[in-house]
Amino acid sequence: DYGETTSCYDPASTGAACGHCDACQLRLRGFAEAGAEDPAAYADRPPADQPSEDGAPAARRAAPARAG
């Protein structure tokens, strides 16, 4: 059950994911790209179409570059 998991670097005291860290953004984007809604609890879930600092919608943000 993915609703029982989180990827957050900075969860709330309740255990809810923050919704803003890189891990939350990658997780939310992954669910969005799969056409599904993330069932995890979020303290502040940004809307899927909310632009990031670079202006890209959350569901279309580029993943961080991998070293290598």
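Asp 38 and Arg 27 form a salt bridge, with their closest N and O atoms 2.6 Å apart, where a salt bridge is a side-chain nitrogen of Lys or Arg within 4 Å of a carboxyl oxygen of Asp or Glu. This pair links distant parts of the chain, since Arg 27 sits in helix 1 (22-33) and Asp 38 in the segment after helix 1, eleven residues apart. The model is predicted, so that local features need pLDDT of at least 70 and side-chain atom pairs count only at pLDDT 80 or more, while totals for chains, interfaces and linings use all residues. Residues are numbered from 1 along each chain as its sequence is written, and side-chain values use heavy atoms, with hydrogens and water left out.

By this rule the count comes to two salt bridges. The table gives both pairs.

| Pair | Closest N and O atoms |
|---|---|
| Asp 38 and Arg 27 | 2.6 Å |
| Arg 29 and Glu 33 | 3.1 Å |

Arg 29 and Glu 33 are four residues apart in helix 1 and therefore separated by about one helical turn. In relative accessible area, buried means under 20%, exposed over 50% and partly exposed in between (1.4 Å probe, protein chains only). Asp 38 is buried at 3% and Arg 27 is buried at 11%; Arg 29 counts as buried at 14%, whereas Glu 33 is exposed at 55%.

Buried residues make up 31% of its 68 residues.

Key
Helix = DSSP H or I, 4+ residues; strand = E, 2+ residues; numbered from the N terminus.
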